Amino acid sequence: MNERWAPSAFKKRIDTLLADFLAEEAEHLLAIDDALRPVAEQLQAAAGHGKRLRAAFCYWGWRAAGQPDSDPLMRAAASMELVHAAAIVHDDLIDDSSLRHNLPTVHVALQTSLAGRPRMRAAARSLAMLVGDHLMALAGQLFATSGLPAAYLARARPMWAELARELIAGECLEILSTGSNPDTDVSLKVVRYKTAKYTVEHPLLIGGLLAGAAPGLRDGLSSYGLPLGEAFQLRDDLLGLFGEPDRTGKAGLDDIRGQRPTALLAKTWQAAQPAQRERLAGVLGRRDLTTQHLQDVRELMIELKAPQEVENMITTRVREAVSHLDGLDLPPHARRALTDLARSATDRRH
């Protein structure tokens, strides 16, 4: 991979790298005790999926600063995917989601190995929490042992701390605002800190810092990355309710059942008349929802034009993100790749 951006080839490199790294870690766990096999298996499974966008943004932050393709950089970039895997395990646990990538989530899958045990569900949730914690620790290990010079790694270390702080802050903000009256400003703050930054902005900046990018380039990458990250999550919100579960791999009712503070729900609430709000409030947070409830909520949202509002928010943010590339002195291949990534991250069906 040199001048032409080839997403499938990049994904294969990251997939192989992570599979090898986690297979080795699984062997270390099994050397301690074979009883850890279910944990080792879920550690590998949790990081076995995904589009590898976070690794791609880290890679192109590096290339944007004029650096060449590099195997050590690929290892550092792959660590971003372990951060994501950790966040997903914890998020599914917090939301009590049962499905991810059309497979049982980690805390659900681990119940199989605990069948017949006292407090099986609680024990499986505890194990899943530890799997997520270990994935985050392994992300730091893979980054630190990537093979990049220590001076390069030192440049990016403060951004790692910022990534962890803001990811945790976003998750906490979502928990604290769940169940309250939907509010667009609150929803967008959750989007920004829980997802947008660690998905696009932080990986870009970490790649740039590793490469020794000048402050002006870093500012430009941040201006591109933040609105694009927000657009990415806004697309996720739409797909969560309007996507096809067979393609998204997630249950369509999760956001309604969990009464999550999404921008889509906030836009619906904002546009609703009192009777429509009462109708919506009657389903939010309920555990006994059916596909008919989902259809009713979809119809209400469409009636109030909330999905179109969110589509407009996505379009505006993508346009803003790409416009910031125009003012940057980027290698042509980096400009093309970042432009393509802006489209593929937000114009998707899963």
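Visitor: How do the axes of α3 and α8 cross, and within what distance do they come?
Guide: In this predicted model, the axes of α3 and helix α8 (residues 184-210) come within 6 Å and cross at roughly 35°. Axes are lines fitted to C-alpha atoms, for helices over the stretch in contact, and angles run from 0 to 180 degrees between N-to-C directions. Helices (H or I, at least four residues) and strands (E, at least two) are DSSP runs, numbered from the N terminus.

Visitor: Is that crossing left-handed or right-handed?
Guide: The crossing of α3 past α8 is right-handed. A crossing is right-handed if the near helix is turned clockwise from the far one by less than a right angle, and left-handed if anticlockwise.

Visitor: Which residues in α3 and α8 meet?
Guide: From α3, the residues are R54, F57, C58, W60, G61 and W62. They meet Y198, T199, V200, P203, L204, I206, G207, G208 and L210 in α8. Contact here means heavy atoms within 4.5 Å.

Visitor: And how do the residues of that contact divide?
Guide: The contact of α3 with α8 has 10 nonpolar residues, four polar and one charged. Ala, Val, Leu, Ile, Met, Phe, Trp, Tyr, Cys and Pro count as nonpolar, Asp, Glu, Lys and Arg as charged, and the others, Gly among them, as polar.

Visitor: Changing topic, where does R52 lie?
Guide: R52 lies in the loop between α2 (37-46) and α3 (53-64). Although R52 is not a glycine, it has a positive phi of about 65°.

Visitor: Is R52 buried or exposed?
Guide: R52 counts as buried because its relative accessibility is 3%. Buried means under 20% relative accessible area, exposed over 50%, and partly exposed in between (1.4 Å probe, protein chains only).

Visitor: What about R119: where is it found?
Guide: The loop between α5 (106-109) and α6 (120-144) holds R119. R119 is not a glycine, yet its phi is positive, at about 50°. With 66% relative accessibility, R119 counts as exposed.

Visitor: How many helices and strands does the protein have?
Guide: There are 16 helices and two strands in the protein. Of its 350 residues, 51% count as buried.

Visitor: What does the C-alpha trace span along its principal axes?
Guide: The spans are about 60 × 55 × 30 Å.

Visitor: Before I go, how are residues numbered, and which pLDDT do local features need?
Guide: Residues are numbered from 1 along each chain as its sequence is written. Local features need pLDDT of at least 70, side-chain atom pairs count only at pLDDT 80 or more, and totals for chains, interfaces and linings use all residues, while side-chain values use heavy atoms, leaving out hydrogens and water.
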